[in-house]
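Subject: Structure handover

Hi,

Here is the structure I promised to pass on.

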Amino acid sequence: MRNPESIRAGFNSTQASLCIFSCLAALLLFATANAQPDRSPRLVTQPELGDNVLLFDPSMPMANIQAQIDKVYAIQQHSEFGTARYALLFLPGEYHVDIPIGFYTQVLGLGASPDAVHIIGKVHSDASLPRNNATCTFWRSAEGFSVTPTGGTMQWAVSQAVPFRRMHVRGNIVLHQKGGWASGGWISDSLIDGNVGAGPQQQWISRNSEWGGWTGANWNMVFVGIPHPPEGEWPQPPYTKVDKTPIVREKPFLEVDAHRKWWVRVPALQSDSQGITWHGGSTPGRAISLADFYIARPDKDTAATINSQLAKGKNLLLAPGIYDLTEPIQVVRKDTIILGLGFATLRPTNGTAAITTADVDGIDLAGLLIDAGPQQSAVLVEIGPRASHATHAKNPIFLHDVFFRVGGAGVGRAKVNLLINSNDTIIDHTWIWRADHGSGVGWTSNLSDNGLVVNGNNVTAYGLFVEHHQQFQVLWNGNHGRTYFYQSEIPYDPPDQVSWTSAPGTNGWASYKVADNVTNHEAWGLGIYSVFRHPNVTLTRAIEVPVTPGVRFHHMITVALDNLGEISNVIDNKGGPTHVAPNRVTPKVAEFPQ
């Protein structure tokens, strides 16, 4: 069944059929003329990715491409909680088009290098609220291409859950719209020839990227593996700099070669790295034929059909759409890749998890939105069973751009969103959000205890955004944990203090909790904010940790965004309270223990 919001519904059926036939014929002629003899039966030249993946070729008329882009944006521009999902894929070549990117839209270049796909024009994300306010500009991405922006500057006004990966901006970029509010954000493996203008962005993490310059700061700007970070030291300006990225693997990505064969590139594991991976023209790593992936589509697949393919040894590519799951997707094989396109959304319907994994090496989950269902799940994604104990240091488990939502699109309920039991798991950008607006929102409606619970050892998080859950936003029980950048709003909606108390004499639940028995943990660049909607509700401390030499925190700030309540301390009993009136006070702690 076609998505009722599909762009193709707007086309005259005869014209659409002729256009599609002509485009496919051109692709086949090109492949026939240029391909070498192919003796492998396991290569894919034209995958069936469904109606909501639009594949563009530079030989197509630019006006036709522009028309399709505009039709998608007309659907997605204001669709914050809509059901449509889109991926716009560009084969290598040059395009003269403008690309506005709306909700649940992924724009993806298919070259080995970002420079293989060159967009000349405006590629932009615009504020979704009035007065240039981008604080609700969520769930969209730009990945794997270069852009020469009209006028020399690209506008990227965004907040949470907006990946910007493997990009080359041949000019400047601004992270806001005309000075309006914004609450981002993420850049990785990207090159900006000119300046990055952060403007009023509240916070930002940049990892393994390069630029001509950086201007702007607000509360919490973190730079990890950046060869030339901006000058200045925390707290004025609030820059946190980590010279090298200790361990990372970039997100897997689709790649189409010169013979129009489709692959998934799995980048190599890097240690103590700086800068982009593609200086040599392509990202080092291994290529897996798309023939080794099962391509799932929401109009034809269930959890059972997906699991049967995983059991046969297939990897998984999820076409855009919403997948209602009556049971978990079960990942049991080492090195399994699950890659979503266009914010593919997994929604459990029977109170189960959306994904569970075995305690095995090299699993990679990427490009997914996990949306809690109305029947409460004990956990939405579980990495490794409880009591996992294997070591994965040489081949870690990764989660790239895996996002979570409880409520907003409808009633959702979960006890724990992301539970990590396996050791050596690496989170590379996540937003774990209990909705504060939308449908099905309320203290007794969209229930969620914790965003992230970590039981494994040697777990690392880059770009950890966790908000509004009803107990600890993050509960870290494992040893040797590392977090590089943390952003959190505590819940807006506790109705009274009695309803939101973690222990006698302690108001509320700390946002970031390191368990009392942990002896080694370290975190850099943490910003925690309050927006209480009811009077006489306060939080005793934003961060709660055991006082031991192996537990260290660097560069922390708390901010009250509204005039009700307060955060009384930044970390344990240090930092003092936030204030709004008569003058705003944003307490900061540079080092803990001091």
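Just after helix 3, Gly313 has a positive phi of about 95°. (Helices are DSSP runs of H or I with at least four residues, strands are E runs of at least two, and both are numbered from the N terminus.) Before going on, note that this is a predicted model: local features need pLDDT of at least 70, side-chain atom pairs count only at pLDDT 80 or more, and totals for chains, interfaces and linings use all residues. Residues are numbered from 1 along each chain as its sequence is written, and side-chain values use heavy atoms, with hydrogens and water left out.

Back to helix 3, residues 303-311: Ala303, Ile306, Asn307, Gln309 and Leu310 are its buried residues (buried is under 20% relative accessible area, exposed is over 50%, partly exposed is in between, with a 1.4 Å probe and protein chains only). Looking down the helix axis, they fall within an arc of 160°, so they line one face (the arc is that of the directions from the axis to the C-beta atoms). They pack against strand 25 (293-296), strand 26 (315-318), strand 27 (322-325) and strand 28 (329-331), where contact means heavy atoms within 4.5 Å.

Next, the salt bridges: the structure holds 23 (a side-chain nitrogen of Lys or Arg within 4 Å of a carboxyl oxygen of Asp or Glu). One of them joins Glu48 and Arg297 at 4.0 Å, N to O. Glu48 sits in the loop between helix 1 (13-34) and strand 1 (53-56), Arg297 in the loop between strand 25 and helix 3, and the two are 249 residues apart. Glu48 counts as exposed at 52% relative accessibility, whereas Arg297 counts as buried at 18%.

Another pairs Asp449 with Lys415 at 3.0 Å, N to O. Asp449 is in strand 36 (residues 448-454) and Lys415 in strand 34 (residues 414-420), so this pair ties together parts 34 residues apart in sequence. Asp449 is buried at 16% relative accessibility; Lys415 is partly exposed at 38%. There is also a salt-bridge network linking Glu143, Arg165, Arg207, Glu250, Lys251, Asp401 and Asp428.

Finally, a sheet: 3 strands form an open, antiparallel one in the order 21-22-24 (strands pair if DSSP finds at least two bridges between them). Strand 21 (253-256) and strand 24 (285-289) are the edges, each pairing on one side only. Strand 22 (residues 262-267) is joined to strand 24 by 5 bridges, and Val266 has Arg286 as its bridge partner in strand 24.

Cheers
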